[in-house]
Amino acid sequence: MLDGKKVIFSGMQATGNLTLGNYLGALKNWAQLTDEYECYYCVVDEHSITIRQDPAVLRKRARALLILYIAAGIDPEKSVLYFQSHVSAHAELAWILNCYTYMGEMSRMTQFKDKSAKHEDNINVGLFAYPVLMAADILLYQADLVPVGIDQKQHLEICRDIAERFNNIYGDVFTIPDGYYGSTGAKVMSLQNPEKKMSKSDENPNASIYLMDDTDTIMRKFKRAVTDSLGVIGYGPEQPGISNLIDIYCACTGKKVEEALKEFDGRGYGELKMAVGEAVCGQLAPLQAEVARLTKEKDYIDRIIKNNAERAAYTAGKTLRKVQHKIGFPDRIR
């Protein structure tokens with residue numbers, strides 16, 4: 001806890017293009033946490049290289065993601081926005097924590113199994129130890145809370161296990177983080193398969209709305225969105241496609257589900273799709289304009305990158321030095 005505020009840590013990978021789901025489900029809400037919490041929002045570029053990346057593309061996407069954080073309303077003066085690779089303590093603590101983590105724990109990680117199946121030609125040690133680096137990310141900042149979805153819950157649990165194991169040996173070194181389940185954003189599903197989440201890695205380009213999609217592309221994707229044959233605009237598990245459209249509409253307009261159902265009562269699926277598409281365009285247009293403006297402000301963004309990396313490194317360094325001392329590494333002479 002810093003300055004009486006609880007600490008929140010979160011981050012996104014600098015791979016692929018962020019979707020409407022990433023924005024409504026996470027990014028849009030991060031900005032609202034700034035006043036209540038001490039927030040660290042990381043571009044997790046070190047995690048990104050468990051899969052081979054084009055170096056130039058990774059650099060470009062990492063910078064674009066940090067700009068997107070700011071464009072989404074996260075104040076870089078109030079929150080710490082930085083690249084994981086610019087704070088060496090992440091990798092240093094990850095190595096130490098590797099030595100306090102068991103092979104059996106890592107082999108049970110669901111994400112390792114899933115990604116190994118998708119990338120059989122590159123099942124590397126980094127992919128196997130991915131959750132340990134994630135634990136280091138969180139523990140470095142003594143995070144009290146971590147916003148997590150269902151797919152990341154297992155990683156938070158192993159982070160807690162590692163921290164508790166270390167604390168049992170050396171005393172209260174790490175804060176044991178909890179999941180943040182406060183004011184969560186909308187859960188946005190695929191437009192082509194509403195039974196699964198919208199994903200930036202979906203092979204079907206019509207399944208996801210990307211944050212930088214233009215108006216024509218967004219409207220075309222919504223026109224092609226999967227619905228059903230019932231012909232009635234309802235909300236519930238028997239109509240996942242329509243329910244997803246209603247959820248997106250409500251997230252973009254601030255209306256409640258009941259209000260949206262009343263608004264579209266007696267109207268057709270085509271009208272609903274057009275209205276949702278227009279609402280999404282209205283939501284993303286200011287974001288896209290701000291991204292375009294900030295992208296041109298090279299000196300400003302460079303200053304943010306430098307200053308925030310220093311802020312993150314200062315906090316992370318305090319934790320790392322404490323850990324190094326506890327395990328018996330020689331103290332640094334200053």
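Helix 8 and helix 9 make a right-handed crossing. Keep in mind that this is a predicted model. Helix 8 covers residues 130-140, and helix 9 covers residues 153-170. Their axes come within 9 Å and cross at roughly 70°. An angle of 65 to 115 degrees counts as roughly perpendicular, so helix 8 is roughly perpendicular to helix 9.

Which residues make the contact? From helix 8 we have Tyr130, Pro131, Met134, Ala135, Ile138 and Leu139. From helix 9 come His155, Ile158, Cys159, Ile162 and Ala163. Sort them by class, and you get ten nonpolar, one polar and no charged residues.

Now a second pair. Find helix 4, residues 89-98, and helix 14, residues 298-327. Here the axes lie 10 Å apart, at an angle of about 30°. Parallel or perpendicular? Angles under 35 degrees count as roughly parallel, and helix 4 and helix 14 are therefore roughly parallel to each other. This crossing is left-handed.

Helix 4 brings Ala89, Glu92, Leu93 and Ile96 to the contact. Helix 14 brings Ala316, Leu320, Val323, Gln324 and Ile327. The classes here are seven nonpolar, one polar and one charged.

On to empty space. Rolling a probe the size of a water molecule over the atoms shows where such space is left.

Helix 3 gives the most, with eight residues. By class, the lining of this pocket has eleven nonpolar, five polar and five charged residues.

Now cavities. How many reach 30 Å³ or more? The count is two. The second largest cavity has about 30 Å³ of space. Its lining is made of Ser190, Leu191, Pro194, Ala225, Val226, Gly241, Asn244 and Leu245. Five of these are nonpolar, three are polar, and none is charged.

Helix 8 and helix 9 cross right-handed, while helix 4 and helix 14 cross left-handed. Thanks, everyone.

Note on methods
Residues are numbered from 1 along each chain as its sequence is written. This is a predicted model: local features need pLDDT of at least 70, side-chain atom pairs count only at pLDDT 80 or more; totals for chains, interfaces and linings use all residues. Side-chain values use heavy atoms; hydrogens and water are left out. Axes are lines fitted to C-alpha atoms, for helices over the stretch in contact, and angles run from 0 to 180 degrees between N-to-C directions. Helices (H or I, at least four residues) and strands (E, at least two) are DSSP runs, numbered from the N terminus. Angles under 35 degrees count as roughly parallel, over 145 as roughly antiparallel, 65 to 115 as roughly perpendicular and the rest as oblique. A crossing is left-handed if the near helix is turned anticlockwise from the far one by less than a right angle, and right-handed if clockwise. Contact means heavy atoms within 4.5 Å. Ala, Val, Leu, Ile, Met, Phe, Trp, Tyr, Cys and Pro count as nonpolar, Asp, Glu, Lys and Arg as charged, and the others, Gly among them, as polar. On a 1 Å grid over the protein atoms alone, a cavity is a set of points where a 1.4 Å probe fits but cannot get out, and a pocket is an open set with protein on both sides within 12 Å along at least five of seven lines; lining residues have an atom within 4 Å of a point. Grid points are joined across faces, edges and corners, and a volume is the space filled by probe spheres set on the points.
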